[in-house]
Amino acid sequence: MDMNKRSPSTTRIVPLCAAWFLPNDPQGRTGRKVFAQKRIPGARFLDIDAVKDDDSPYPHMLPTAERFAQAMSELGLKQDDDLIVYDTHELGIFSAPRVAWMLRVFGHPKFHILNNFKLWVEQGYPTDTGEPSSEIQESTNYPLPTFDVDRVITFRGVRDIVKEHGREGSEGVQIIDARSAGRFSGSEPEPRPGLSSGHMPGSINLPLSEVLDPKTKAFLPEAELQKVFQSKGLDPEKPIVTTCGTGVMAAALDTALQAAQFGARVDRRVYDGSWTEWAQRGSESDGLIEKS
């Protein structure tokens with residue numbers, strides 16, 4: 001899935017593995033483990049649990065510009081590299097859009113999302129196994145980027161939207177939540193112990209699975225994605241905020257909206273802290289959490 005225009009043939013193309021699993025993964029899988037087991041030849045691995053805001057109490061929040069540049073340098077990546085971001089063959093589309101969104105926030109010029117690595121493996125394209133040894137060249141000096149604040153919305157910003165929901169004259173911002181229906185309704189627990197499930201008042205549940213092909217776990221075609229968004233009553237003329245558990249699936253919904261050309265890109269933002277932050281800072285008693 002193209003995320004930017006095709007790069008000139010002289011540009012270096014580098015696969016970037018964004019593998020990640022939920023903390024309660026029943027098989028105990030991690031991104032690093034599956035990267036060693038099966039990857040695209042020459043791929044680098046970007047760990048969203050390591051390239052994050054170390055001062056935040058919430059998981060894999062966006063890093064500072066300095067930390068991002070450091071991570072890119074350590075991976076031997078250059079600003080003019082064309083990065084092909086991909087997921088695991090086990091899950092299909094899941095965490096690659098989060099890394100791609102991070103690249104967009106920090107202004108990396110050329111990147112794409114592979115749709116998807118599951119199909120890559122099944123169709124017999126080359127893969128490598130084992131711990132990489134000499135694939136990554138010496139570190140680079142990735143320039144300090146700027147942080148595009150217009151791609152992100154904070155807890156305070158989402159709280160204001162929720163409090164204004166349904167009021168006359170409000171902007172009508174739509175919040176769509178990529179978590180499962182059970183977590184959204186409050187009938188199922190969150191994967192992080194002690195965290196309340198439920199949803200933000202006025203939000204719309206759109207599980208990530210609904211924008212993926214049930215067999216290939218790749219994004220649905222554009223026309224089918226548009227039908228999914230329309231079925232949820234979403235209005236492409238109004239701003240959209242995507243959220244989930246920790247900002248991973250929220251970025252995938254943001255990518256699906258872009259792939260469907262549903263709404264203007266400038267009107268879409270990802271709630272970085274998502275439910276993990278929301279449920280720790282809000283409660284049912286203050287009207288910020290609903291269960292149904």
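Predicted model: local features only at pLDDT ≥ 70, side-chain atom pairs only at ≥ 80, totals over all residues.
1. Helix 3 contributes P97, R98, W101 and R104, while helix 8 contributes V248, A251, A252, D254, T255 and Q258. Sorted by class, the contact of helix 3 with helix 8 has 5 nonpolar, 3 charged and 2 polar residues.

2. The space in the largest pocket amounts to about 470 Å³. Its lining consists of 20 residues, and those nearest the centre of the pocket are L22, L91, F94, L208 and M249. By class, the lining of the largest pocket has 11 nonpolar, 6 charged and 3 polar residues.

3. A further point concerns S196, a residue of the loop that runs between helix 6 (181–185) and strand 7 (204–205). The relative accessibility of S196 is 25%, so this residue counts as partly exposed; the buried class would require a value under 20%.

4. The surroundings of S196 include residues from elsewhere in the sequence. Leaving aside residues up to four places away in sequence, S196 touches E190, W275, A279 and K291. For S196 and W278, the separation is 82 residues in sequence and 9.7 Å in space, C-alpha to C-alpha.

Key
Residues numbered from 1 in each chain as written. Heavy atoms only, no water. 1 Å grid on protein atoms, 1.4 Å probe; cavity = no way out; pocket = protein on both sides within 12 Å on 5 of 7 lines; lining within 4 Å. Points joined across faces, edges and corners; volume = space filled by probe spheres on them. Nonpolar A, V, L, I, M, F, W, Y, C, P; charged D, E, K, R; others polar. Contact = heavy atoms within 4.5 Å. Helix = DSSP H or I, 4+ residues; strand = E, 2+ residues; numbered from the N terminus. Buried < 20%, exposed > 50% of the residue type's maximum accessible area, 1.4 Å probe, protein only.
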